[in-house]
Amino acid sequence: GFGAAFSATNVLNNRVASVDHMRISVAYRVTATVTNRMGATNVTQETAWLNGGASAGDPAPAFAFFWGPTDGGTTRASWSNRIDMGTLNGDFTTNVTGLLANRIYYYRAYASNSAAESWAPSTTNFQTLPPAASLSVGSSSFAENGGQSVVTASLSAVSYSDVTVNLGFSGTATTNVDYSSSSTQIVIAAGAADGSITLTGINDGLIEGTESVNILIGSLVNATNGGVTNVTATVLDNDNMITVGTNGNGTITPGSAVVDDGGSTNFVFSAAANCHVTSITTNGGHIADSPYSGNTVTSTNVTWDNVTADGTITGSFAIDTHTLTASSAGNGSVTTPGEGVFTNNYGATPAIVATPAANYHFAFWSGTAADAGKIADTNAAGSTVTVHGDYTAVANFAIDTHTLTASSAGNGSV
């Protein structure tokens with residue numbers, strides 16, 4: 001026999017052998033193998049799926065993805081991101097988000113257990129898709145005498161590289177005669193979401209009417225065409241621009257007006273059906289509140305004289321209102337909405353409910369609402385009234401009736 005025990009470790013084959021008095025035991029620790037499989041899939045402008053493959057090790061290994069904008073090789077500390085996938089065997093995948101468009105990213109699958117760590121044979125890289133560029137115009141019209149409109153190119157995703165949008169111009173307005181452009185291209189800096197140029201009207205002293213400026217995407221660098229590649233702005237001629245506004249339920253004609261200094265213009269305020277004019281203001285001050293009250297004024301003309309500056313005229317309109325007078329003929333009452341005079345908008349359908357007194361029952365609704373056929377069901381205690389004018393609704397009740405059956409038991413009669 002031997003009086004000593006010893007152990008030795010074969011690191012290359014990941015096994016440990018121990019010898020104790022000639023009894024030899026060998027414990028194997030197996031390192032997992034890991035790959036990047038087919039690489040990144042479903043790559044978009046801002047997301048990608050990382051794919052890996054694994055074979056089981058012993059003890060069971062933990063798997064992870066290391067990824068980022070630079071290749072960290074097989075040094076964990078050199079990678080900017082790590083996603084732990086846990087213990088598994090077979091294919092594994094994960095989605096990374098918040099990426100920048102137009103950027104190259106790298107990833108490498110990794111496994112580790114008490115035996116050792118294992119990396120995919122090489123680093124895989126992928127590039128996110130370019131963003132889509134779309135145009136928009138801040139103001140659809142601008143005055144010839146120095147008015148401005150901003151044309152903006154917006155990206156569907158933030159880009160790692162500068163994006164250049166080369167523009168083309170057409171339309172009835174002439175560049176550098178009717179308007180000027182601050183640039184013929186929009187450069188969207190890396191990390192920015194949009195960029196813009198400015199169109200500025202040139203006052204040429206001519207009465208030309210409105211003219212159009214069409215702006216379109218001619219070519220792109222580091223981007224693709226988005227949903228809107230062509231926008232239009234209108235150059236408004238003359239010296240003074242009168243703009244209009246409404247709160248709905250009516251229109252103002254014309255929708256805007258360009259007036260020479262000292263000139264005048266007329267606006268027609270037209271309420272929609274069953275609506276009326278309530279007020280007209282110019283530059284914040286009322287022209288008149290009277291006679292704009294009640295349901296009386298459906299159309300009116302306003303003339304603005306001696307125009308010397310840009311201005312705004314605004315019309316307010318409201319839906320016509322009507323009264324519903326609810327009452328009962330006795331032996332009961334109208335409980336909804338109650339008895340009295342109630343105001344409703346045109347087209348409303350308020351509920352009416354009649355409740356009989358003891359030993360009475362509802363009979364029918366009468367009044368001008370019933371005569372006009374505006375009560376949904378005149379024979380129902382609960383119904384609705386369609387408001388198309390001033391109406392009355394009267395609840396009618398009748399006393400309950402009962403039967404008395406008289407008879408005799410024979411040898412006589414009642």
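Let's start with Glu 117, which forms a salt bridge with Arg 76, and the closest N and O atoms of the two are 3.7 Å apart. By salt bridge I mean a side-chain nitrogen of Lys or Arg within 4 Å of a carboxyl oxygen of Asp or Glu. This pair links distant parts of the chain: Glu 117 belongs to strand β10 (residues 117–119), while Arg 76 is in the loop between β6 (62–68) and β7 (81–87), 41 residues apart. The strand names come from DSSP runs, numbered from the N terminus: helices are H or I with at least four residues, strands are E with at least two.

A quick word on what you're looking at. This is a predicted model, in which local features need pLDDT of at least 70 and side-chain atom pairs count only at pLDDT 80 or more, while totals for chains, interfaces and linings use all residues. Residues are numbered from 1 along each chain as its sequence is written, and side-chain values use heavy atoms, with hydrogens and water left out.

How many salt bridges does the structure hold? There are 3. Another one joins Arg 37 to Asp 91, with the closest N and O atoms 3.4 Å apart. Here again distant parts of the chain are linked, 54 residues apart: Arg 37 sits in the loop between β4 (34–35) and β5 (48–54), and Asp 91 in strand β8 (residues 90–96). Arg 37 counts as partly exposed because its relative accessibility is 36%, whereas Asp 91, at 55%, counts as exposed. Then we have Asp 84 and Arg 82, whose closest N and O atoms are 2.7 Å apart.

Thr 94 is buried because its relative accessible area is 14%. Leaving aside neighbours within four places in sequence, Thr 94 is in contact (heavy atoms within 4.5 Å) with Ala 48, Trp 49, Leu 50, Phe 65, Ile 83 and Met 85.

Finally, have a look at β29 (residues 311–319), which pairs with β22 (residues 240–246) in the parallel sense over 5 bridges. Pairing here takes at least two DSSP bridges between two strands. With β26 (residues 275–282), β29 pairs in the antiparallel sense over 7 bridges, and Thr 281 stands opposite Thr 314 in β29.

Conventions. Buried means under 20% relative accessible area, exposed over 50%, partly exposed in between (1.4 Å probe, protein chains only).
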